[in-house]
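Hi everyone, thanks for coming.

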Amino acid sequence: MKIKYFFLLIIAILQGSLMGATIKHVDVKGISIPIIFEEQRSLPILNLQLVFKNSGYIQDEDKSGLASLSSKLLNEGTKELGATKFAEQLDENAITINSSNGFETFVIEVSSLKDKSSKAINLLNDLLKSPNLTQNSLDKLKTIQIGALKRKENDFDYVSSNQLKSILFKNTALENPASGTVETISKIQLNDIETFLDKTLSLQNLIIVAGGDFSLEEFENLIRPILENIKSSKEIEDKKIEFTSKKEKKTLLKETEQAYIYFGSSFNIDSKDEENYKAKVASFILGGSGFGSRLMEEIRVKRGLAYSAYGSISINKSHTYFSGYLQTKNENSDEAIKLVEEIIEDFVKNGVTQEELDAAKNFLTGSEPLRSETLSQRLNRAFTLYYRGLEPDYAKKELDKIQNLEIKDLNEYIKSHNEINNLTFSIVRK
């Protein structure tokens, strides 16, 4: 037993020594570029992300799926080599270059062994200078995307989730699906992709997130050629998604053996709010903890109305909201919806129990080491804190606040967010 604790102590010490992400700004063409960097000498690797802020599908506007299609096109290699030969270059050198997008960000990620890092940067540089922006590439991607969207027409989780977004976030950038629709993808042209990438891939929008077997100085020298080749243009301004949920239900009838129920509502907080730790605890207790959560306990365990039932509060820079979902038999859907409304109404009115709060504290604080085990996890956390305008040590302060949270304060906080009761439901059933 003593040996076991000795090794646990050593692991904790090693992890502690590796958990310090450095935030530095470098000047490129008169523009200050933030670099979030962690040196890790235990593995000879490079992990690099070029994160372009305010550049995900929040920028799609009337061309739903544009950001998604643009990121896929960047995965088609360079115009000179084409998709196949570029992929062969990556495979031969054990290099990964992948582009993706979220709602607020557009990301190009590179990973390689240290001794192939120069090759990786050169290939990335080639990609940024001359992406495979050809009609053949676009036509191929559009065919694949449209085929995938048509197959999803019978994925009723996907259908119900998108229907909820269309109601809950009506007349905002969140109204449309990230992957677009068959109609919108069909209409996207090559010049739309070119314009999107030209607007997105600029120094003003860039945040660099990286780590590996390098000093910060070595890393700066490594990526300098890329920074010199990324153009300077107008910074894309932050957008806030403003919406107010209503008590509303929309049902879509399909040939399905069960009902797919998605629900959501407003939750009016800001990503920099000092009391967000209370939202984290409340979300965990209400529906985020799986078995033991209020929704799962009442809907599945006590009444057997669903195999699973979840709900959580999402906190983003551009918007925050509460959402959840469950599946149940078609004939039980009305009862399940009514029960969700009652559970959340009671949650707001009466709050949590001391037992629930203690369990949440134990899990959230006890599982913290698992959320910072890997270099990737630590870099992602450091980026998220920086992106939201929070201090680098915010996670530690948040845990301290959670551990000292009193039930009276938490229940007052929950009661102050009565807007969560304005639930919008999306139902797909027979």
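This is a predicted model: local features need pLDDT of at least 70, side-chain atom pairs count only at pLDDT 80 or more; totals for chains, interfaces and linings use all residues.

Strand S3, residues 45–53, runs antiparallel to strand S5, residues 105–113, and nine bridges join the two. S5 also has strand S4, residues 96–101, as a partner, again antiparallel, this time over six bridges. S4 and S5 make a hairpin, with three residues between them. Another pair to look for is asparagine 101, which stands opposite phenylalanine 106 in S5.

Now zoom out to the whole sheet. What is the order of the six strands? Reading across, you get S1-S2-S6-S3-S5-S4, in an open sheet with mixed pairing. At the edges sit strand S1, residues 22–28, and S4, and each of those pairs on one side only. Going from strand to neighbouring strand, the average turn is 20°, ignoring direction. There's a helix packed on this sheet too: H9, residues 216–229. H9 touches S1, S2, S3 and S6, and its direction makes about 40° with that of S1.

Next, a helix pair. Helix H3 covers residues 82–92 and helix H4 covers residues 117–129; they pack at an angle of about 165°, with axes 11 Å apart. That angle makes H3 roughly antiparallel to H4. Their crossing is left-handed. Who meets whom here? From H3 we have Phe86, Gln89 and Leu90, and they meet Lys119, Leu123 and Leu127 in H4. Sorted by class, the contact of H3 with H4 has four nonpolar residues, one polar and one charged.

A quick word on annotation. UniProt, in an unreviewed entry, places "domain: Peptidase M16 N-terminal" at residues 54–181. In the model, that span is 49% helix and 12% strand, and its end C-alpha atoms lie 22 Å apart. For "domain: Peptidase M16 C-terminal", UniProt lists residues 187–362, also from an unreviewed entry. Here the end C-alpha atoms lie 51 Å apart, and the span is 42% helix and 22% strand.

On to another sheet. This one is open as well, with five strands in the order S7-S11-S8-S10-S9 and mixed pairing. Its edge strands are S7, residues 248–253, and S9, residues 309–315, each pairing on one side only. Neighbouring strands in this sheet are turned by 15° against each other on average, again ignoring direction. Inside the sheet, strand S8, residues 258–266, runs antiparallel to strand S11, residues 424–429, with five bridges joining them. Which residue in S11 is the bridge partner of tyrosine 260? That's valine 428.

Across S9 and strand S10, residues 320–329, lies helix H10, residues 276–288, running at about 165° to S9. H10 has a helix partner as well: H12, residues 333–350, packed at an angle of about 150° with the axes 12 Å apart. H10 and H12 are therefore roughly antiparallel to each other. Is the crossing left-handed or right-handed? H10 passes H12 in a right-handed crossing. Ala282, Ile285 and Leu286 in H10 meet Ile343, Ile344 and Phe347 in H12. By class, that contact has six nonpolar residues, no polar and no charged ones.

One last pair before we stop. The axes of helix H13, residues 354–366, and helix H15, residues 394–403, come within 9 Å and cross at roughly 160°. So H13 and H15 count as roughly antiparallel to each other. H13 passes H15 in a left-handed crossing. H13 brings Lys361, Leu364 and Thr365 to the contact, and H15 brings Leu399, Ile402 and Gln403. Those residues divide into three nonpolar, two polar and one charged.

That's the tour, and I'm happy to go back to any part of it.

Technical notes. Residues are numbered from 1 along each chain as its sequence is written. Side-chain values use heavy atoms; hydrogens and water are left out. Two strands pair if DSSP finds at least two bridges between them. Helices (H or I, at least four residues) and strands (E, at least two) are DSSP runs, numbered from the N terminus. Axes are lines fitted to C-alpha atoms, for helices over the stretch in contact, and angles run from 0 to 180 degrees between N-to-C directions. Contact means heavy atoms within 4.5 Å. UniProt positions are given in the numbering used here, feature names are shortened, and annotations may be inferred rather than shown by experiment. Angles under 35 degrees count as roughly parallel, over 145 as roughly antiparallel, 65 to 115 as roughly perpendicular and the rest as oblique. A crossing is left-handed if the near helix is turned anticlockwise from the far one by less than a right angle, and right-handed if clockwise. Ala, Val, Leu, Ile, Met, Phe, Trp, Tyr, Cys and Pro count as nonpolar, Asp, Glu, Lys and Arg as charged, and the others, Gly among them, as polar.
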